[in-house]
Amino acid sequence: MAPSHPDGGQVAASTEGATPRILVILGHPRVGSFCGALASAYEAGARAAGFEVERFDLAGLTFDPHVRLPSPRDQALEPDLARAQALIQWADHLVFVYPAWWGTLPALLKGFLDRVLTPGFAFAADEEDPANWTKLLKGRSAHLLVTMDTPSWVYRLIYRQPGHQAMRRATLGFCGVAPTFISTFAPVKPATEEARARWLDQARAEAARLPGRLHRHALLHRAGAWLRLLRLQFYPMAWVAYTIGALAAARHGSFSHPVYWLGYLCLFLMEALTVVSNEWFDQDTDRLNRHAGPFNGGSRVLADGELGPGSVRRAMAGLALALGAGLAALSAALAPSGGPGLAAMIALAALAAGYTVPPLKLVYRGLGELDVGLTHSFAAIFVGGLLQSGIWRDPFPWLMGLPLFLATLSAITLSALPDHEADGAVAKRTLAVLLGRRGAAWAALGFAVAAAACGVAWQQWGLFGGTSGLVVYLAIPHALLLVRAILRYLRRGAPCERIDGLMALALTYLLWFGIIPLAHLS
């Protein structure tokens with residue numbers, strides 16, 4: 001039996017560094033099948049590797065596989081299923097051994113999962129928002145040992161692995177079990193005794209490989225968490241704006257490649273410092289946010305515990321030091337007459353980080369959208385040009401930046417709509433909080449229309465000249481699609497929910513007003 005607390009409660013998965021506890025679940029209705037032999041081989045290999053192992057053969061259980069009440073949590077668990085839940089709680093690693101019948105799972109295994117992975121045990125549903133749930137089986141990994149008569153390449157390429165996907169993503173992944181490794185043994189029916197013996201040896205060896213596999217996955221997962229923390233998807237627009245300014249300066253005969261790349265290094269470090277510091281100072285709202293997505297709500301690596309507070313603090317300090325070194329190198333490259341450009345870069349850094357960093361905390365003062373709009377249009381263009389030419393009175397960069405500024409305002413205003421409730425709870429004063437979701441959506445619509453009108457006006461006046469300038473007319477149908485999507489959102493009552501499709505439209509829309517002047521200047 002699984003160990004339990006003195007009060008009778010079940011223990012959770014063992015802590016990192018302890019001997020992994022493995023639960024082998026045989027899902028074949030016949031224990032004497034080849035699946036049974038695979039389960040025994042894996043079990044033997046795990047014991048030989050020094051792991052704690054429990055074995056559970058579903059064929060020997062007594063339970064009703066049917067969910068007969070509206071929720072499986074309301075149906076009393078038979079003693080065998082209660083023990084199964086205790087063992088799942090006890091285990092660090094779950095091994096399911098079963099055949100792929102009709103492309104998916106045997107009825108016995110499917111019925112077992114229907115009854116055992118109940119709400120409150122495997123996951124917790126959000127009653128207000130069914131799209132959100134809590135994964136209660138986090139901290140566990142799994143391995144599927146699956147036999148089939150279909151050749152594995154046919155199952156993978158033609159059938160698209162329906163059983164594998166259902167188990168790894170829709171079942172185990174839904175409950176927080178990850179990673180899930182999969183070993184397929186096929187085709188079994190025509191396999192020789194030698195082939196079957198090799199497969200049994202493979203199953204025995206899988207257990208010994210488990211620590212190395214989990215270690216590699218942990219390293220990859222941590223690297224992925226750092227990449228998510230940096231939120232690299234938002235960097236290209238700052239680079240485009242900065243490059244517009246640098247190329248505009250070339251009209252005066254000034255362009256230095258070393259200065260350009262040192263300036264962009266500082267800009268990159270500045271953006272990285274901004275998003276990491278935002279993650280730190282926005283922890284409260286991120287923890288409350290039930291509608292975070294790829295375009296809003298931060299990376300969530302702190303809120304979800306993928307990185308610890310100490311790691312993020314050290315990252316902020318390291319990025320600040322790296323930015324300081326980059327600015328020093330830029331100062332040396334600009335000497336002796338580059339003071340204005342360096343001062344502008346430092347001011348841009350303060351403005352960018354000041355989105356959430358004290359004492360500015362601009363987003364808490366109702367200036368967050370304006371801050372993001374400026375740093376990703378006018379300010380970046382101005383700095384790119386000033387570093388090259390030293391001329392700060394040229395109106396061209398400011399005019400070029402206006403449609404990009406308006407389109408960026410539209411996107412950043414929309415991005416705060418799903419965060420409205422969480423931001424309001426921590427007194428974060430986004431436009432969505434100040435104007436309400438409907439008011440902010442209308443403001444975003446107005447900014448989008450103004451950006452298109454401005455782009456057309458600039459083309460008419462020759463600022464967006466040549467063939468590249470004519471491309472601005474293609475932004476009009478994109479603007480209409482965006483306006484239509486915003487109006488559809490408003491007709492649905494402007495709910496506080498994820499708006500990933502709407503955000504994708506808004507972010508791709510602003511690309512027109514960066515790429516067109518960039519192509520024109522190139």
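Reader: How much space lies in the second largest cavity?

Author: This is a predicted model, where local features need pLDDT of at least 70, side-chain atom pairs count only at pLDDT 80 or more, and totals for chains, interfaces and linings use all residues. Residues are numbered from 1 along each chain as its sequence is written, and side-chain values use heavy atoms, with hydrogens and water left out. A cavity is a set of points, on a 1 Å grid over the protein atoms alone, where a 1.4 Å probe fits but cannot get out; points are joined across faces, edges and corners, and the volume is the space filled by probe spheres set on them. For the second largest cavity that space is about 40 Å³.

Reader: Which classes of residue line the second largest cavity?

Author: Lining residues have an atom within 4 Å of a point; here they include Phe 96, Phe 112 and Leu 137. Ala, Val, Leu, Ile, Met, Phe, Trp, Tyr, Cys and Pro count as nonpolar, Asp, Glu, Lys and Arg as charged, and the others, Gly among them, as polar. The lining has no polar and no charged residues, and nine nonpolar.

Reader: Which element gives the most to the lining of the largest cavity?

Author: Helices are DSSP runs (H or I, at least four residues), numbered from the N terminus. α7 (235–249), α13 (378–389) and α14 (396–415) each supply at least two lining residues. With four residues, the top contributor is α13.

Reader: How many charged residues are in the lining of the largest cavity?

Author: The largest cavity holds about 90 Å³ of space, and 13 residues line it. Eight are nonpolar and four polar, and the number charged is one.

Definitions and conventions: 1 Å grid on protein atoms, 1.4 Å probe; cavity = no way out; pocket = protein on both sides within 12 Å on 5 of 7 lines; lining within 4 Å.
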